[in-house]
Each structure stands twice: as C-alpha cells, then as structure tokens.
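Good morning, and thank you for coming. Please take a moment with the sequence and the structure before I turn to the details.

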Amino acid sequence: MWDSSLYFWGLIVKVSCHVCHSDRIVQFREENKYQILSCLDCHLLFVENDKNMLDIENDKKNKGVNAEFLDAELKEDYWSEVNRQSLENNSSYLATHKYFIDRVLGLFPEKNSINLIDVGCGFGFFVLHASRAGIDAVGLDTSENATNFGRTQLGLNNLFCSSLANYASTKKTYKVVTAFNLLEHVNVGIVKDMYRLVEPGGYVLIRIPNAAFHRAFHWALCLFGLERKVSHSVLASVPPYHLYGFSKKNLNILLSNEGFTQIEICPSPLRNNTYLLNYHILVSLMSRFVYLMSGKKFAISPTIYVLAKKPATF
C-alpha cells in the first residue's frame, strides 16, 4: 500500500541502488539543492550524481578546504590556517586513533609484524600514531596538498598520492586496510579495490557516519517541529560533501558482495570536542550499553565502524 502511494505521488525514482541494485528507490529529502534518495530494501541513502560532477567536487576537496581558497592555496596565511586546523583535528582524534590502533594490534595476538595501509589518510596523523605503535603503516590519498603536508610537516615518507584503483593495481597487499570517514564521500566501488589490497586472512576496518542514527535524529526533529531551527543532515554532512548514508544492513551487503566474511559492525568512539565533550561521552556510553545489552545487534551511535575479514586461501 505504501509503495503504491509513493508511485501515485511520483516519489519513486528510476535509478538502481548503488549497493543492493534494487529498483525500489524513493526521494527521501532535499538538502543543499541535492535530492537524497533512499533504497526501500537495504535502506541506503545516496545522492545520484553523474561522474563529471563527482570528479569536480572531489577536485575541489583535494585542492583546498573550500573552493574560494583555490587561488590562494600557496599563500602563507592559507597554509598557516591549514596547519592550525590539522593540528587541532589531530588533537580531537587522538583517543579515537588510539582505540583503533589497539583494535588492530588485538587482531594479531601472536605479535608478528603488521603492515597496514590507511586509505584516504589525509595529512597522515593515523599513520604517524600507528607507526609509533610499531605497525608498519603507510598512507594513501588523492590530495597532493595533504600528502605533501604529511611529508614536510610530520616527517612522513610513507605517504603516497594516488588513486586507490591505481595503487591496487600494483598488487601490494596488507594485513590491515583502514579507511576512516572516507566511504561516505566516494563511489562505493572502492570497496572492490580495498578487497584487492587486503592479503588473504587480513582485515578491512572502515569508519563511517551511522545513517540509522542521523535519520532517526531527523525524524525526532520533525516530530518536535525543530527541523528548521536545528541544522542537521541525514547524511551527517550535507551533499555534496557527503554522498552516502550507510547503516548495518547495506554495509553487510556491500562487504559480503565483495567477498568479505566475519563482518562486525560496532559503535565507534567519537572524537573529542571541547564544546560537546559531555554530550559525546554520554552518547558513547549509551550506545555502547545498548550494543552490549542487545547482544551486539544494535549500533545506535552517530558513527560506526566495520571490521571484516578476507578469507584465507590454502
């Protein structure tokens, strides 16, 4: 009945889901003049973009923080601001980085050498902390500015500027492939290349915003008439900065379709925030409590992470 009414009102969109390939796609809402679509089968939220537009937006992200800075990116004041923001960003993610480094180390209790590649590494702060923890870590990013910053300001010679597809074609493999806050920005096809980078018996670890949380938060705002007073996106950030909203069901489909097994989806620790510290602590504790009490079935935190294994070959 509900599907029929959607057809009647013209809300059904003639595109296929980027994850489960269902054609049961509806218009969910508009944000920043972009139409966000929703799959009725796997609950993926996504923005349907042509490749040319996606390339333009990614080029802006790679060249500078905002498009208006592009002509001034070599100016000293611009780079001093980038330096300040990057150090501030590193500070806010220190605890999160430590959590995931401990998670990686815990995957290999035999203490053998662990090699890791961080896809979408940005300035390379996670690579820096992982290296200090004894992990043979390298970073990959399409932004030449970000990787140059990591090399010159952080002394990291293990950062590479390349697309994931090109780097994966070298056939190098790693015990762990990480991608933090990347998948929501890019085409989901990169998961195939990530699978190629993982050695048999190795792991992929992906951190993304939890669309189930942000969708529920949006509904709560609508319920109390606050949607116009409180700025919030169901994708965590408005398009085209974020292009996807993932949740448990579509993540399971996405990774299992590429061959990953033992898929575990967990609430992620939130970054430190001076102004929202108490809120973040409360939300993290509540989401962890619900996750454990539900037998690890419900991850209700604003951000989640996926840990999955590539089957070993014998």
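Predicted model: local features only at pLDDT ≥ 70, side-chain atom pairs only at ≥ 80, totals over all residues.

Asn-210 sits in the loop between strand 9, residues 198-209, and helix 9. Is Asn-210 buried or exposed? With a relative accessible area of 2%, Asn-210 is buried, because the limit for that class is under 20%.

From there I move to the loop between helix 9, residues 211-223, and strand 10, residues 244-245, where Leu-226 is found. Leu-226 has 33% relative accessibility and therefore counts as partly exposed. Together with Phe-217, Leu-223, Phe-224 and Val-230, Leu-226 makes a nonpolar surface patch of about 490 Å².

Strand 10 brings me to the sheet. The sheet is open and has 5 strands, in the order 1-2-3-4-10, with antiparallel pairing. Which strands stand at the edges? They are strand 1, residues 12-13, and strand 10; each has a single partner strand, so one side of each is left without a neighbour in the sheet. For strand 1, the antiparallel pairing with strand 2, residues 25-31, runs over 2 bridges. Within these two strands, Ile-12 stands opposite Val-26 of strand 2.

My last topic is the aromatic residues. The count comes to 12 aromatic pairs. One of these pairs is formed by Tyr-99 and Tyr-305, with 5.9 Å from centre to centre and 70 degrees between the planes, an edge-to-face arrangement. This pair links distant parts of the chain: Tyr-99 belongs to helix 4, residues 94-106, and Tyr-305 to strand 12, residues 303-309, and the two are 206 residues apart. Tyr-99 is partly exposed, at 28% relative accessible area, whereas Tyr-305, at 1%, counts as buried.

A further pair joins Phe-100 and Phe-180: the ring centres are 5.1 Å apart and the planes stand at 40 degrees, so the pair is tilted. Since Phe-100 lies in helix 4 and Phe-180 in strand 8, residues 174-180, the pair ties together parts that are 80 residues apart in sequence. Both Phe-100 and Phe-180 are buried.

How do these rings come together? Tyr-99, Phe-100, Phe-180 and Tyr-305 belong, with Phe-126, to one aromatic cluster.

Definitions and conventions: Residues numbered from 1 in each chain as written. Heavy atoms only, no water. Patch = residues over 30% accessible without salt bridge, like charges linked within 9 Å, V, L, I, M, F, W, Y side chains within 5 Å. Areas by Shrake-Rupley, 256 points an atom, 1.4 Å probe, with all protein chains shown as cover. Salt bridge = Lys/Arg side-chain N within 4 Å of Asp/Glu carboxyl O. Helix = DSSP H or I, 4+ residues; strand = E, 2+ residues; numbered from the N terminus. Buried < 20%, exposed > 50% of the residue type's maximum accessible area, 1.4 Å probe, protein only. Pairing = 2+ DSSP bridges. Phe/Tyr/Trp six-rings, centres within 6.5 Å; stacked < 30°, edge-to-face > 60°.
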